[in-house]
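Please read it alongside the sequence and the structure shown here.

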There are 2 protein chains.
Amino acid sequence: MAETSTAVTKATSKKMRRKEAEALILSAAEKVFAEAGFGGATMQLIADVAGLPKANLHYYFPTKELLYRQVVQKIFQIWLQAADIFDQAEGPEEGIGAYIDAKMEISRRHADGSKVWASEVMHGAPVIQDYLETTLTDWTNGRIDVIERWISEGRMAQIDPRHLLYMLWATTQHYADFGHQIDTLNGGAPLDDKQWEAAKSNIKTIILRGIGATE
Amino acid sequence: MAETSTAVTKATSKKMRRKEAEALILSAAEKVFAEAGFGGATMQLIADVAGLPKANLHYYFPTKELLYRQVVQKIFQIWLQAADIFDQAEGPEEGIGAYIDAKMEISRRHADGSKVWASEVMHGAPVIQDYLETTLTDWTNGRIDVIERWISEGRMAQIDPRHLLYMLWATTQHYADFGHQIDTLNGGAPLDDKQWEAAKSNIKTIILRGIGATE
DNA sequence: GGCCTTCCTGACCGTATGGTCAAATTCAGA
DNA sequence: TCTGAATTTGACCATACGGTCAGGAAGGCC
């Protein structure tokens, strides 16, 4: 084992291909940006986590902003993926239930990414404002249409679809963004499988009953 | 005794009293920390916002960390205040309903503070970890007792109290922390009085019905 | 091997930042 | 008015940061 150990899996060959190197750096960057925020993160620290010299980072990502932008974009893609579940459902109980499941899974598996996104939005979305105005707006309006259809079909109560969506985002992402607070209140340990299941179940129970989609 | 303080925004007299100066600086710091995060905020920018020379900040707050800590503590106090409403209620519909109202009011009036708190927790609570482990833990356990009593009295469904609290925090704080995203989806304008009322009403409707505290 | 492209990296640079300090200013009370 | 403590401030400093660059190493292809 001549290779130095790093937090992120490191490639074995001396010379990396673009995609490998970029993925390695993006992964390290996501972690560091999540832990320290954009301003608090340093290229040196990202380099250390990736197990590469700092200058090598600048070879693949010329500036810190560019690296950060790619990290945020990666999250946003994953985030949007959960949308498919919503559309393919035949009713609110199935659609919203599955959406909660999917978003909770993302909160668990991609907590760092969720934090980066939250941080970005909290600071006024300086980097991804255009995404909010285009992709996210379109996505939201599409889902509002679906919910309104469900309401007009009498499959759920008359709820403001927009605020329902905010509620879904808030409750699910909370488990990623405020994971540290939740862990602390859990005695310092991360939620185990059973507790995650309880969290999902609770959210689904309350919201689905709350919107009158279950009886 | 009689303070001749007139304007909170800017100092009028050449020499300030400690409390005035500290309040002015804390207010500016809260704004800047919320917008830029701890790492992104600079003492120079806080000084500019406060309308004071940078060296003057260091006279009242020796280090950036100390200033930040005070800002976070201030938020936490406001945050805990909303707890009183919870205890004085005679049932879940009144108690949780009023708590949602109170927390939504905080999200609207102290959005910057909420963001600072969120940022702090998201980055692992390096500064206020002790608060999470003591005050917040105690507060949470106390509220869990109240909710469990309501459940045992048959006044609401059997819901995990802990996850219900997380849900209340998540949904209400979302309107502060993700306010920029919400504003963008609102056509770029902040929510007006009517929209805030709709948001509050929606949350209360869904959650109270969801936990079986209303019929 | 010879050559070219891609990749790697230590050393370096200008700038911005948190923090210091000593001299100046203000003000309450004697 | 005088005195001493509290406050204000411009100038200054050491450090750390993002970014650059020149030269070296690795590997594919003939």
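The largest nonpolar core of this predicted model has 150 residues. Within that core, the residues with the most contacts are A:L164, A:I211, B:L164 and B:I211. One of these, B:L164, is in contact with a residue of chain A, A:I206.

**Extent of the interface**
- Contact between the chains involves 54 residues of chain B and 54 residues of chain A.
- About 4500 Å² is buried between chain B and chain A, and carbon and sulfur atoms give 67% of this area.
- Of the area that chain B buries against chain A, 17% comes from B:M122, B:L185 and B:I206, more than from any other three residues.

**Polar and charged pairs**
- The number of salt bridges between chain B and chain A is zero.
- There are 14 residue pairs in polar contact across the interface, counting pairs with both residues at pLDDT 80 or more.

**Make-up of the chain B side**
- Helices of chain B that each supply at least two residues to the side touching chain A are α1 (18-40), α7 (111-122), α8 (129-152), α9 (161-177), α10 (179-185) and α11 (193-210).
- The most is given by α9(B), with twelve residues.
- By residue class, this side of chain B divides into 26 nonpolar, 21 polar and seven charged residues.

Key
Residues numbered from 1 in each chain as written. Chains lettered and ligands numbered in written order. Predicted model: local features only at pLDDT ≥ 70, side-chain atom pairs only at ≥ 80, totals over all residues. Heavy atoms only, no water. Contact = heavy atoms within 4.5 Å. Buried area = accessible area lost by both parts, 1.4 Å probe. Salt bridge = Lys/Arg side-chain N within 4 Å of Asp/Glu carboxyl O. Polar contact = N/O pair within 3.5 Å; in protein donor to acceptor, adjacent residues only side chain to side chain. Helix = DSSP H or I, 4+ residues; strand = E, 2+ residues; numbered from the N terminus. Nonpolar A, V, L, I, M, F, W, Y, C, P; charged D, E, K, R; others polar. Core = buried A, V, L, I, M, F, W, Y, C linked by side-chain atoms within 4.5 Å. Buried < 20%, exposed > 50% of the residue type's maximum accessible area, 1.4 Å probe, protein only. Lists of a residue's contacts leave out its neighbours within four places in sequence.
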